[in-house]
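Here is a brief report on one structure.

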Amino acid sequence: MSSVVEVSHLRKRFRLPLDKSTTLKYRVTHWRSSSRYRDLIALRDVSFDIPAGQFLGIAGPNGCGKSTLLKILCRIYEADSGYARVNGEFSAFLELGVGFNPELTARENIFLGGAVLGLTRAQLRDKIDEVFAFAELEDFAEQKLKNFSSGMQVRLAFSVAILAQTDLLVMDEVLAVGDASFQEKCFDTFSRYKREGKTIVLVSHDLGSLEEYCDRVLLLNHGEIIADGPAAEVTAAYHRMVAEHAVAAERDLPARLERGDPAQWGSRAVEFASVSLLDGNGQSSRRFETGGSMTLDMQLLVHRDVGDFVCGMAIRRADGLLLAGTNTFLDHVTVSSHSPGGMVTVRYTIDSLPLLAGGYLVQVSVHDASGLEIYDHADPAASFHINNMGGHVGMLEMQGRWQVGQHDDVPSSGAVRQTAG
Amino acid sequence: MTSVAQGSGTLEAIQRPRSVFQRNLNLVRELSITQFKLKYTGSALGYVWSLVKPLMLFGIMYLVFSVLLKAGVGDKNFPVQLLIAIVAWTFFTEATATAMNAVAGNGDLIRKAYFPRWILVVASTTSALLTFAINTILVLVVTYALGDLDITLRSLLVPLYYLELIVLVLGLSMLLSSLFVFFRDLGHIWEIVSLVLFYGSAVVFPYAIIRTHSIRLAELAGLNPVAQIIQDLRYSLVVSSQLNQSMATYIGALVVIPIILSVAVFVVGFLVFNKLTPKFAESL
């Protein structure tokens with residue numbers, strides 16, 4: 001099978017000037033310091049091939065070089081050394097609506113955006129009704145783009161973006177846009193591409209969608225590929241990497257330094273035998289939905305007659321930020337064991353998960369009733385992911401209510417609208 | 001899902017035209033039409049402004065130079081010459097001024113889409129050219145109808161002079177648009193250069209006036225392509241007189257220099273633009 005993309009020993013360095021030196025006055029007055037800049041190595045020796053028909057995901061933390069890699073692939077940046085070759089036609093959605101102008105009508109923008117993709121006016125004219133139907137904007141063809149809601153703009157932009165037939169499709173985080181129903185349409189389109197055997201490169205923070213769509217995922221960190229393989233493996237490696245990062249950040253704590261393995265430590269009088277996450281049907285899962293049910297299932301192996309003890313859990317964001325935590329003591333639940341060698345099952349159920357889209361880590365610990373002796377502590381013990389569904393932004397589902405009242409009889413001012421949460 | 005969602009649920013992709021030239025031409029067309037449209041949407045008079053502005057300039061310059069300073073006395077056809085010169089000059093100055101921003105002002109496109117970057121400059125020039133073409137046709141038709149033009153064999157060279165002007169403008173546009181990305185003072189510098197060129201090219205008075213003061217100065221001014229193009233346009237379209245001769249008559253064989261200069265500016269502009277193109281996306 002031939003490769004659609006060949007990337008070989010790609011290197012890219014950015015020179016960031018420390019001072020702004022684009023004016024004549026600066027050049028004249030600072031002519032001696034013309035070499036003041038900071039080097040930022042975005043890619044160091046990146047090589048990979050993409051065979052035809054592969055759906056490749058690229059993951060990595062912010063600043064890992066994934067956007068730079070994509071831009072070199074799309075010939076927007078030039079590599080310092082090495083090469084990135086695309087055999088065939090490609091379309092890049094580095095951002096939706098590139099080339100769009102708010103002062104033009106939707107129809108005019110389709111001609112303009114289509115032209116940027118390489119499509120001619122005549123071709124687009126034949127297609128324009130279909131585009132409006134797909135974008136669900138049939139009644140707005142002659143409206144100026146600036147009067148569109150952001151959701152409408154995204155729908156139009158996505159519909160134009162998928163118009164050009166290509167051998168390779170390059171996408172940068174366009175999945176997290178639009179309302180839920182249109183998002184489904186986007187996903188349908190990607191599924192169709194996958195069925196049709198298109199070669200696709202998708203860069204995303206959303207590990208869930210990478211796992212769902214990609215045959216293979218590259219994990220980039222500090223400009224290098226640190227993992228390359230099946231999606232599930234690489235996303236697991238990513239979770240590990242993020243977790244190690246979070247742990248490394250906490251290593252300053254002197255108490256932590258005295259203990260051996262910072263990820264899991266304790267006297268092991270009681271030990272976690274297994275920690276898993278269950279969905280509403282009691283099935284083990286790593287993908288959950290906002291508002292859905294999640295149960296943390298902990299199997300504890302008891303080695304000593306410890307009597308009453310405390311079992312706790314906490315949820316962290318992928319970058320280590322502590323979001324919530326509790327334990328059996330705080331919630332007045334008694335856990336005890338007097339039989340060495342026995343097993344204790346402890347479950348913590350969240351009926352309606354208040355978290356929005358993102359990757360999360362679960363930390364668990366068991367300790368004695370006084371909190372002085374840590375039996376076992378694992379951070380992270382599990383990870384899970386929530387997909388963006390409802391379009392709410394941020395981290396937390398507020399579960400609030402809107403109320404709107406109209407008071408037409410208020411004297412001196414016409415209609416007063418009130419909102420209360 | 002439901003049948004409604006499926007009805008509009010798929011959108012088949014279109015095969016791009018095979019010819020890259022056709023795609024690029026199409027993009028130039030779309031971008032220049034857009035630019036042209038945007039320039040005139042929102043204002044009540046729209047396109048009319050692009051005709052009113054040179055006409056106003058003509059009115060003022062006619063009053064100042066022809067009536068008050070008697071610059072064109074001795075040639076009753078000087079007003080027509082002034083009009084032709086002002087329309088050509090307006091194209092030169094507006095095209096170069098907008099081209100300055102053709103790259104720097106399109107950072108979003110450059111950072112997020114791939115297409116040959118020269119398209120931006122060509123589109124910017126084409127958009128200015130559209131206005132220029134309409135104005136030129138209007139002015140030529142009206143002046144011809146009034147009997148102010150002198151169409152003879154030498155008028156056959158007119159398209160060549162316009163071509164020279166376009167080549168010069170394109171070259172300068174490539175040079176200015178690419179340098180402006182890295183060197184923002186260029187905007188101000190170019191304004192000053194434009195002012196020098198405006199008077200140095202004898203746009204608003206007969207070129208011959210410079211000669212009556214200093215032959216050396218006249219030769220120097222005549223070497224600049226704008227002066228040569230404008231003077232030769234006047235000579236090719238309007239009855240010749242003491243004050244209206246071809247540039248070759250004035251500076252002799254030296255006349256090849258401005259023509260070579262126009263081509264040289266184009267070549268240098270092209271080379272500089274190509275050299276700087278890979279750095280655009282990172283610098284914007």
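## Helix pair

Helix 7 of chain B passes helix 13 of chain B in a left-handed crossing (the near helix is turned anticlockwise from the far one by less than a right angle). The model is predicted: local features need pLDDT of at least 70, side-chain atom pairs need 80 or more, and totals for chains, interfaces and linings use all residues. Residues count from 1 along each chain as written, while chains are lettered from A and ligands numbered from 1 in written order.

Helix 7 spans residues 158-182 of chain B, and helix 13 spans residues 256-283. They pack at about 30 degrees, axes 7 Å apart. The two helices are therefore roughly parallel (angles under 35 degrees). Their contact has 19 nonpolar, five polar and one charged residues.

## Nonpolar core

The largest nonpolar core has 183 residues. Such a core joins buried nonpolar residues through C-beta atoms within 7 Å; buried means 20 or more other C-beta atoms within 10 Å. Among the members touching the most others are A:L73, A:V170 and B:I230. Helix 4 of chain B (residues 78-104) gives the largest share, 18 residues.

B:I230 touches B:A85, B:A88, B:W89, B:S201 and B:V203, leaving out residues up to four places away in sequence. Contact here means C-beta atoms within 7 Å.

## An exposed histidine

B:H213 sits in helix 9 (residues 208-213) of chain B. Because B:H213 has 9 C-beta neighbours inside 10 Å, it counts as exposed (12 or fewer). B:H213 and B:A13 are 200 residues apart in sequence and 68 Å apart in space, C-alpha to C-alpha.

How values were computed. Axes are lines fitted to C-alpha atoms, for helices over the stretch in contact, and angles run from 0 to 180 degrees between N-to-C directions. Helices (H or I, at least four residues) and strands (E, at least two) are DSSP runs, numbered from the N terminus. Angles under 35 degrees count as roughly parallel, over 145 as roughly antiparallel, 65 to 115 as roughly perpendicular and the rest as oblique. Ala, Val, Leu, Ile, Met, Phe, Trp, Tyr, Cys and Pro count as nonpolar, Asp, Glu, Lys and Arg as charged, and the others, Gly among them, as polar. Two residues are in contact if their C-beta atoms, placed from the backbone, lie within 7 Å.
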